[in-house]
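Take a look at the model below. This report walks through a few of its residues and their surroundings.

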Amino acid sequence: MLAIIYSMTRKEISSYIDHTILLPEAGVKDVEQICNEARKYEFASVCVNPVYVPFAVSALAGTSVKVCTVVGFPLGANSTAAKALEAKDAIENGADEIDMVMNIGAAKDGRLSVVGSDIATVVQTCHEEGEKVGKKIIVKVILETCLLDDDTIVNCCLVAKKAGADFVKTSTGFATLKDIDGRLLPNGASEHHVSLMRKTVGSDMGVKASGGIKTPNMVAMMIKAGANRIGTSSGARIVENWKENLL
């Protein structure tokens with residue numbers, strides 16, 4: 001399987017990538033660079049903070065690159081109404097894809113009906129707003145897998161699928177997880193979680209791996225595990241180095 005993935009062209013790999021810049025300190029020049037790279041490599045999308053959606057839409061006009069933004073980011077603890085309003089505003093400003101953080105606390109409590117209602121409301125809002133502007137809005141649900149056990153991940157994937165989301169996604173990249181000695185633990189995508197998510201949702205729903213993906217090898221492993229979208233701030237470097245990492 002890895003041999004097949006490594007035989008993919010740079011253009012094929014580019015089509016998996018959501019080129020991402022969500023740092024709080026990111027400015028216009030940073031977003032412009034991300035958009036220029038996305039235009040050059042024909043990435044699937046750029047993923048930017050909501051305030052930069054209009055800029056990204058303008059910068060990418062006339063290209064196939066979609067504009068993605070985040071909702072309820074990075075904690076997922078906003079009210080459902082606030083998430084829906086964020087999504088509506090983003091779509092009105094030209095966003096094509098919405099990556100929403102689910103209600104993580106409710107998931108850990110086992111209050112899956114709350115998780116599902118939260119997702120379903122955002123999905124419905126995205127569909128309604130998309131109809132107004134004549135396009136289908138893709139909704140990805142961020143689970144923050146590093147904070148969840150496998151059973152909860154499975155349950156949340158099923159809830160997201162039932163709610164009509166298009167993708168489940170691993171991570172924000174901003175979670176803080178520590179061991180008993182206070183040392184930081186991995187907070188991004190893992191092969192295990194991606195494989196579990198793909199097994200749970202089947203072939204008719206997307207799985208996005210994000211968080212800490214910085215090399216061609218990591219991209220290949222995530223695709224092998226079942227990801228069909230990759231969120232990374234290292235998209236340009238990954239594509240440039242792709243042929244140097246053939247098996």
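Predicted model: local features only at pLDDT ≥ 70, side-chain atom pairs only at ≥ 80, totals over all residues.

Contact means heavy atoms within 4.5 Å.

Residues are numbered from 1 along each chain as its sequence is written, and side-chain values use heavy atoms, leaving out hydrogens and water.

Methionine 102 is in contact with Leu75, Gly76, Lys83, Ile119 and Leu143, among others, leaving aside neighbours within four places in sequence. A nonpolar core is a set of buried Ala, Val, Leu, Ile, Met, Phe, Trp, Tyr and Cys residues joined through side-chain atoms within 4.5 Å. Buried means under 20% relative accessible area, with a 1.4 Å probe and protein chains only; exposed is over 50%, and partly exposed lies in between. The largest such core has 78 residues. Val46, Met102, Ile119, Leu143 and Ile230 touch the most other members.

## Histidine 19

Histidine 19 sits in strand S1, residues 17-21. Strands (E, at least two residues) and helices (H or I, at least four) are DSSP runs, numbered from the N terminus. Histidine 19 counts as buried because its relative accessibility is 0%.

Residues touching histidine 19 include Glu37, Val46 and Ser234, not counting residues up to four places away in sequence.

## Glycine 72

Where is glycine 72 placed? It lies in the loop between strand S3 (66-71) and helix H5 (80-92). Glycine 72 is buried, because its relative accessibility is 0%.

Glycine 72 and lysine 83 are 11 residues apart in sequence, yet 5.6 Å apart in space, C-alpha to C-alpha.
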